Amino acid sequence: MTIDWINFAPWTALAGGLLIGTACAALILFNGKIAGISGVLGGLLGGLLGGLPGTRRSSTGGDLGWRVAFIGGLVIAPLVYGLAASLPAVTLEADTTVLVVAGLLVGIGTRYGAGCTSGHGVCGLSRRAPRSMVATATFMLAGFATVYVVRHLLA
């Protein structure tokens, strides 16, 4: 691995991290909710779909408003960013089958792990939750192992 030092610009990543941290802190301070994407989306689907199997039922109708705003912000933010700067090029080096299987495995993992990387890694670690420490370590180790297998053993 090499770092392209000429084009290395950590400022956008730093700004993004500050925005994510601020948003997570604001959500828990003002709403008492964790900014874990799987939980937010699961609660939204549970509220909209009326508790279909596999969805979580939202506690109140008012609970849906902030969830819609949260998910809407995730969708709208790249569009707004694209007005100010050019979006990075997206290249996928996997076929559709691999992407679908990977997505299903991530979804299954978030259900068994009681949360996703954003909920455990960003919010859980900042609260020093032992469960989140174990979950985040597991995510990272699984990611390291996957990259090693794909790049060195299957290549």
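**Val 100 and its setting**

Analyst: Val 100 counts as partly exposed because its relative accessibility is 47% (buried means under 20% relative accessible area, exposed over 50%, partly exposed in between, with a 1.4 Å probe and protein chains only). The model is predicted, so local features need pLDDT of at least 70 and side-chain atom pairs count only at pLDDT 80 or more, while totals for chains, interfaces and linings use all residues. Residues are numbered from 1 along each chain as its sequence is written, and side-chain values use heavy atoms, with hydrogens and water left out.

Val 100 belongs to helix α4, residues 96-112 (helices are DSSP runs of H or I, at least four residues, and strands are runs of E, at least two, numbered from the N terminus). Together with Val 101, Leu 104, Leu 105, Ile 108 and Tyr 112, Val 100 makes a nonpolar surface patch of about 660 Å² (its residues have over 30% relative accessible area and no salt bridge, and nonpolar side chains are joined within 5 Å; a salt bridge is a side-chain nitrogen of Lys or Arg within 4 Å of a carboxyl oxygen of Asp or Glu). The 17 residues of α4 should span 24 Å at 1.5 Å a residue, and the end C-alpha atoms are 24 Å apart, which agrees (the expected span is 1.5 Å times one less than the number of residues). Just after α4, Ala 114 has a positive phi of about 55°.

Ser 118 counts as buried because its relative accessibility is 18%. Apart from neighbours within four places in sequence, Ser 118 is in contact with Ala 35, Gly 36, Ile 37 and Cys 123 (heavy atoms within 4.5 Å). Ser 126, also in α5, counts as exposed because its relative accessibility is 58%. The C-alpha atoms of Ser 126 and Gly 21 are 9.5 Å apart in space, although 105 residues separate the two in sequence.

Cys 123 touches Cys 24, Ile 34, Ala 35 and Ser 118, again not counting residues up to four places away. Cys 123 is also one of nine residues in the largest nonpolar core, with Cys 24, Leu 27, Ala 35, Val 40, Leu 44, Leu 64, Trp 66 and Ile 71 (buried Ala, Val, Leu, Ile, Met, Phe, Trp, Tyr and Cys residues joined through side-chain atoms within 4.5 Å). Helices α1, α2 and α3 (62-84) each give two or more residues to this core, and the largest share, three residues, comes from α3. In soluble globular proteins, nonpolar side chains tend to be buried together.

Helix α1, residues 11-31, has 21 residues that should span 30 Å at 1.5 Å a residue, and its end C-alpha atoms lie 29 Å apart, which agrees. Gly 32 follows α1 and has a positive phi, near 70°. In helix α2, residues 37-49, lies Gly 47, which is partly exposed because its relative accessible area is 29%. Gly 47 is 20 residues from Arg 67 in sequence, with a C-alpha to C-alpha distance of 9.8 Å.

As for the whole, the protein has six helices and zero strands. Its C-alpha trace spans about 50 × 35 × 35 Å along the principal axes, and 18% of the 155 residues count as buried. Of the contacts between residues at least 6 apart in sequence, 44% join residues at least 24 apart.

Notes: Patch = residues over 30% accessible without salt bridge, like charges linked within 9 Å, V, L, I, M, F, W, Y side chains within 5 Å. Areas by Shrake-Rupley, 256 points an atom, 1.4 Å probe, with all protein chains shown as cover.
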